[in-house]
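Good morning, and thank you for the time on the agenda. I would like to go through one model with you, from a single chain to its interfaces.

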Amino acid sequence: MGVGKSQFSEEELQAYQDLTYFTKKEVLHAHQKFKALAPEKVGHNRNAKLPMSKILQYPELRANPFGDRICKVFSSSQDGDCTFEDFLDMMSVFSDAAPKAVKAEHAFRIFDFDGDDMLGIGDLRQVVDRLTAPQRLNETDMQQVLQYILDEADLDDDGALSFAEFEHIIEKSSDFSKSFCIRL
Amino acid sequence: MSGGDRKKRACDRGQGWEEAGAEFYQESYPAAIEADLQQALQRDPSHIATLLPSKKSRVATAKRIRNDTKTTLRRRTSTRSRGTTTSRRMSTNIHDAAVSMLPDLSENLSNEERTWEEIMQIKAMPVCMAQKIQLKNQLQSATKLRLQGFEQLKWQRRKAWQQFRIRMKEAYSKMELWNDSLKTIGGNFGMGIVAYFLFIKWLLYLNVLLFAIIFLFIVLPATLLDMPEDETCVNSNNSHSISCCSELYWNITQESGNIAGILEYTLLFYGAYSHMTYTSGIFFNLPLSYISATVGVFIFSLIVIVKSAAKSFKQRVVENEGQFYQYCNLVFGGWDYCIHNEKSAAIKHKALYNEVKAFLEAERLEEERQNRTREETTKLFLMRLFINLIVLTVLCGCGIFIYYIFEFSFNQISPQIDETNITDSHLSLNLSLNRIVHLFFEFLPYMCIVILNFAVPSLFRYLVSLENYSPSFVIRITLFRTVFLRLSSLIVVLTSFYRLIVTEVKDNECTNNTSKRPLCWETFVGQQFFKLYMTDLFFQFFMTFFINFPRSMIAKHTENKVLRFFGEQEFDLPKHVLDVVYLQTICWLGLFYAPLLPLIAIFGTFVLFYIKKFACLVNSTPSSKIYRASKSNAFFMLILLISFILFTVPVGYSIAEIEPSKSCGPFRGFKSVWSLLIVVFAEFPDWLQSILYFLGTAGFGIPAFVILTLLLYYYYAVSIANKHMVTVLKNQLVLEGHDKQFLLNRLSAFIKQQQDQNKYHQEQANELGTFS
């Protein structure tokens, strides 16, 4: 902890505490984790920008089928490369303390592959595919699943889920906020 | 917005649709939004739907965050979120943010407290850290009113409270038990299994609290206060008075040298507690305290269980409402983000795949079920009936078997007690052999119960596969049968105790010798529960480390398919839940007779966590079934609640009805434990007595009952109305959706038409130009 502490001033820690769902200690802990991904680079510059491939070394992200999407969503340069602050943002959203609405917001962006602010058929198909990989559902099953999803959630029948509709589902799913969690 | 956009908008102004559209939006979405609208429409008129406010993810969040008057922020977020090109987003939004966050001077100035509140809200915004910091600085440096007097004080207090809460959280997280273990389990098995371990943790805390209550009100006074000595037997003229019986019991326990005997007269069991009231200095009525603490413990447990059961029940209701959301739940909430192990990830993928398949399969089965022929239905029905009969027979057989084993082993032990008493001078070797045999018979019934608990569920699992139920129902019915087995074995144990205990004790006897009722039956029963608890715990330990561990080792290191089949084991959640609940039930059952049983239970639950952790992480492979955290939690609590309620009944009965033994415990001499309370009640002041008495009469009872019924009906009606309202609103939502869709289509068609017309006009104009 001693080394980590020297890299941040008290005010910076206070700012991080105010702006994330973490306490100061947890911020430092997060930094330890971040540093472990690339000890030399981060040791040199505490807010170094790590390429996406490095960030994906983080065990939870490596195992996650949406790892690259998560990096892209939280990256401040939108290309998946993350600085420590981006990483902190990410962990803050994934922490236990973050409210459901915030989680839902980010989940929506993670699932929104084409970035059109709607979860269309293409997005949903990709989500299902990534979830079941390496097996793939055959085409009829896939069609059916997509159809069921839209039947369940697409309230205005426009063939895509808007954020409001997505949030509506999340609101009713008590599992979501439990599973959308990464413990530091 | 960049300058280019503005220019474009300016030259597009003339278009006719704008008037209609702009009026529509102008009020809440000022000019800036139109540029984007224009831009998007230029590209693709049919894309107009994506511009609707309801499609704006960030708008929705931002609106919720700040439902006060700040429309500026709303605009900011809405404009930014639409950024289609990343570069533009980056370049403009910091500047944008800076501008929009400036306090709106036209509105009332924000005061310190509000600024602080807003700073606290920043964390919920989906923007990167650099922007958050900037926002914060902006807010802090903006002019704001200083709070005065009481307001200031109130704010300071709020701030301090927040600080304190953060501190507490930090301290708590440091203290929290098993955090790392939970993380590893979650990483390998997902949140459903973590919920199970959290349940064990919850039980541990519950036991600690139960123990604390009992320790404070029963054990501590009993050790600290020097209870007045009973009058000696010699003085009394009746050789079977309470004091003589007590002395007889005391002497017997001192003489018999076996292990149980040594433990018998300790605070561990009921028998050792005094029935005297401590009066020198302070007044302390130990018997009263004993019964109140026990009742208190039960009420406390009930409240705690009901509270958490209600919490998970509420979730269940919300979910059931969304029974139709099963696919969405699976797709959007299916992945456990805490999984950090590649192997588990692969299994999770597979499990999700299977789950999707299973859902589709269930859908098909449902269809098939509707198309089933009459003949098939009859066949299936007969099959199910037959299997249910078998299950019933097996259950009854188990009950009878346990009953006879009890009878047998008790008959074996009783003569031995006499023997050991007589043959004091025998060789020690012989004695120790005797003791082992004695110990064996003492534990024999419990071993049988535990073995049955292990063997019969496997049989049930096999039988249920023949019945052709839907997968979710299979889990439920197996569980139901297994619960029944476990509970029935406990019920048989209780009945055999009951037969032993409930006999007439004459005035001239300490206990009924013909029926072999022990001198202090409460201690005897306490010991039995103690033994049952220990045996079960030991068996858990033994099964996990000496049977299942080698099995899993074999499975890991062999290629042989048969061996693998026998070795491989999944973490079968329902079974493990039952193990835990069963132990807890024994704890509650034995509580009254062995007040320190919660202490044993603390130890037991603690050890059990590690046993189960080992069983989970080392012995088992991740389950191919998906256990949902929320659902399983509701299910744990339900099972716990059922077994709790079922087993408070016998305890309650024994407190209210059965005569306590004469020779030991705090209630010697009373007709029943309850009669003590009646005696105490008689000592209350008159007015309190009459009030309490009134509460018990029909004059109070019937109106209360009527009022409660009315209340119940009222809430029932409200809930029905709410349900109706939900459907109405849902329908309305769908209708609105259709309307909107219709309007949007019309609008985009209109725009297209306009654009074409414009083009046409321009072309014509050009043509005219060329002609002239």
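Let me begin with a term: buried area is the accessible area, taken with a 1.4 Å probe, that two parts lose on being put together, summed over both. By that definition, chain B and chain A bury about 7,100 Å² between them, and carbon and sulfur atoms account for 58% of this area. Please keep in mind throughout that this is a predicted model.

I turn to chain B on its own. Its secondary structure consists of 27 helices and two strands. Of the 772 residues in chain B, 44% are buried. The accessible surface of the chain comes to about 41,900 Å², with 65% belonging to carbon and sulfur atoms. As for contacts in chain B between residues at least 6 apart in sequence, 77% of them join residues at least 24 apart.

The domain assignment divides chain B into domain 1, written as 180-228 + 238-320 + 331-414 + 435-683, and domain 2, which covers 684-771. Each side brings four residues to the contact between these domains of chain B. What do domain 1 and domain 2 of chain B bury between them? The figure is about 360 Å², 63% of it on carbon and sulfur atoms. On the domain 1 side, V680(B), F681(B) and E683(B) lose the most area to domain 2, and together they make up 90% of what that side buries.

Let me return to the interface between the chains. Chain B contributes 75 residues to the contact and chain A contributes 83. In chain B, the residues that lose the most area to chain A are M129(B), F332(B) and Y337(B), together 13% of what that side buries.

How many salt bridges are there between chain B and chain A? The count is three. D141(A) forms a salt bridge with K357(B), where the closest N and O atoms are 2.8 Å apart. Helix α16 of chain B, residues 342-370, supplies the largest share of the side that touches chain A, namely 11 residues. Nine residue pairs are in polar contact across the interface of the two chains.

Finally, a helix in chain A. Helix α12, residues 163-172 of chain A, is mostly covered, with seven of its 10 residues buried. Among them are F163(A), F166(A), I169(A) and I170(A), together with the charged residues E165(A), E167(A) and K172(A).

How values were computed. Residues numbered from 1 in each chain as written. Chains lettered and ligands numbered in written order. Predicted model: local features only at pLDDT ≥ 70, side-chain atom pairs only at ≥ 80, totals over all residues. Heavy atoms only, no water. Helix = DSSP H or I, 4+ residues; strand = E, 2+ residues; numbered from the N terminus. Buried < 20%, exposed > 50% of the residue type's maximum accessible area, 1.4 Å probe, protein only. Contact = heavy atoms within 4.5 Å. Areas by Shrake-Rupley, 256 points an atom, 1.4 Å probe, with all protein chains shown as cover. Domains from an automatic or database assignment. Salt bridge = Lys/Arg side-chain N within 4 Å of Asp/Glu carboxyl O. Polar contact = N/O pair within 3.5 Å; in protein donor to acceptor, adjacent residues only side chain to side chain.
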